[in-house]
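Please look over the model shown below, with attention to its pockets, its ligand and its backbone angles. A short report on these topics accompanies it.

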Amino acid sequence: MYSKLSSIGLVAWLLAGPAIAQTEEHPLLSTWKCTTSGGCIQQNTSIVLDKDSKYAKGTAGSRTAADYAAMGVSTSGSALTLTHYVKSGSQLNPASPRVYLLGDDGKYVMMKLLGQELSVDVDYSDVPCGENGAFYLSEMAADGRGNAAAGTGYCDAQCQGYCCNEMDVLEANSRANAMTGHPCNGNNCDKGGCAYNPYLSGQRNFWGPGMTVDTSKRFTVVTQFQASGGRLSSITRKYIQNGRQISSGSISNCGSEGSTGGLTGMGAALGRGMVLAISIWNDATQQMAWLDSGNNGPCRSGEGSPSNIQSQHPGTHVVYSNIKWGDIGSTTKG
Ligand SMILES: *[C@@H]1O[C@H](CO)[C@@H](O)[C@H](O)[C@H]1NC(C)=O
């Protein structure tokens with residue numbers, strides 16, 4: 001009897017998560033859901049920091065709105081700013097925040113994007129070599145397998161947290177960018193993924209300050225998940241800057257369906273719904289060379305080390321605004 005009661009208690013605690021975190025105030029971030037016939041309707045969304053976020057002050061159990069600023073996160077209307085380094089006294093500390101889009105029901109917003117598009121305005125002007133401003137989708141559970149309002153349940157195709165389908169819509173800095181599908185078949189994930197990187201494809205003057213897509217200024221990134229017969233047939237990218245449409249590449253296959261699920265598996269996850277995750281990070285080991293140096297981009301070896309970024313670009317930050325998703329062609333009207 002005793003053990004039965006205590007195991008019920010444990011299950012209840014696991015389902016609800018630590019009660020204290022439910023009082024957390026989430027910075028509001030307006031987003032829009034669009035249809036061809038009805039236009040775009042503003043959503044009452046907010047963002048939540050990952051549950052394991054380290055704070056410059058306070059603890060995960062007593063997160064408040066103020067802690068978001070201490071973690072380099074701020075919102076204003078429909079704009080989200082993520083700052084890599086934050087001041088604490090006279091010191092500059094790495095915050096490297098990761099946040100998720102939360103609905104007003106306290107659950108993650110499940111974006112169902114098969115046959116749909118996702119658009120966002122970005123400002124990468126202060127994101128240097130070695131830094132990654134990541135705007136992506138992970139197939140997390142709507143309730144975060146516990147308490148989404150406290151940022152629980154992260155997963156990705158590198159199997160951090162647990163293994164799940166991941167669609168890297170945009171991983172970028174001011175000098176390089178990639179979009180990459182990472183389908184998973186159970187715990188067998190395509191960790192390398194299927195990527196489109198314009199520099200790697202020979203477009204050396206496409207993405208950068210003053211280039212075709214001028215990363216010194218704001219622009220819109222539109223990603224379309226084209227479906228055919230209920231299956232994902234391609235992922236295509238275009239940009240809009242100063243009213244001008246700029247076509248970019250597409251992904252039309254993604255490894256072996258038999259092993260990791262391939263493009264079909266990626267599309268099935270997009271159809272079920274995925275959670276929008278947004279982060280800014282760098283890393284001492286690879287220094288983002290897979291994204292921006294050698295054949296992948298113009299950055300010099302060593303330029304992207306965290307110590308170099310911190311000393312040369314202490315204000316490193318990225319801004320995402322006007323997040324819209326819905327029918328193909330519906331998010332960029334008017
Ligand atoms: C947003 O909240 C307002 C006020 O509660 C409500 O009237 C509106 O319907 C909500 N919008 C959506 C899309 O849920």
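This is a predicted model: local features need pLDDT of at least 70, side-chain atom pairs count only at pLDDT 80 or more; totals for chains, interfaces and linings use all residues.

Residues are numbered from 1 along each chain as its sequence is written, and side-chain values use heavy atoms, with hydrogens and water left out.

**Pockets**

A pocket is an open set of points on a 1 Å grid over the protein atoms alone, where a 1.4 Å probe fits and protein lies on both sides within 12 Å along at least five of seven lines; lining residues have an atom within 4 Å of a point. In the table, Ala, Val, Leu, Ile, Met, Phe, Trp, Tyr, Cys and Pro count as nonpolar, Asp, Glu, Lys and Arg as charged, and the others, Gly among them, as polar.

| Pocket | Volume | Lining by class |
|---|---|---|
| Largest pocket | about 900 Å³ | 17 nonpolar, 13 polar, ten charged residues |
| Second largest pocket | about 280 Å³ | six nonpolar, nine polar, five charged residues |

The largest pocket is lined by 40 residues, and those closest to its centre are Arg98, Gln160, Glu171, Ser279 and Trp281. Strand 22 gives the most to this lining, with four residues; strands here are DSSP runs (E, at least two residues), numbered from the N terminus. Of the 20 residues that line the second largest pocket, Lys33, Gln43, Val109, Met110 and Trp325 lie nearest its centre, and strand 1 (31-35), strand 2 (39-43) and strand 23 each give two or more residues to that lining.

**Ligand**

A polar side-chain atom of Asn44 lies 2.3 Å from an oxygen atom of the ligand. Taken alone, the ligand exposes 360 Å² (Shrake-Rupley method, 1.4 Å probe), and the protein buries 30% of that.

**Two asparagines**

Asn242, although not a glycine, has a positive phi of about 50°, and its place is in the loop between strand 20 (231-241) and strand 21 (244-251). Asn322, found in strand 23 (residues 317-327), also has a positive phi, near 50°. Asn242 is exposed, with a relative accessible area of 77%, whereas Asn322 is partly exposed, at 22%; buried means under 20%, exposed over 50%, and partly exposed in between (1.4 Å probe, protein chains only).

Note on methods. A polar contact is a pair of N or O atoms within 3.5 Å; within protein, one must be able to donate a hydrogen and the other to accept it, and residues adjacent in sequence count only if both atoms are side-chain atoms. Grid points are joined across faces, edges and corners, and a volume is the space filled by probe spheres set on the points.
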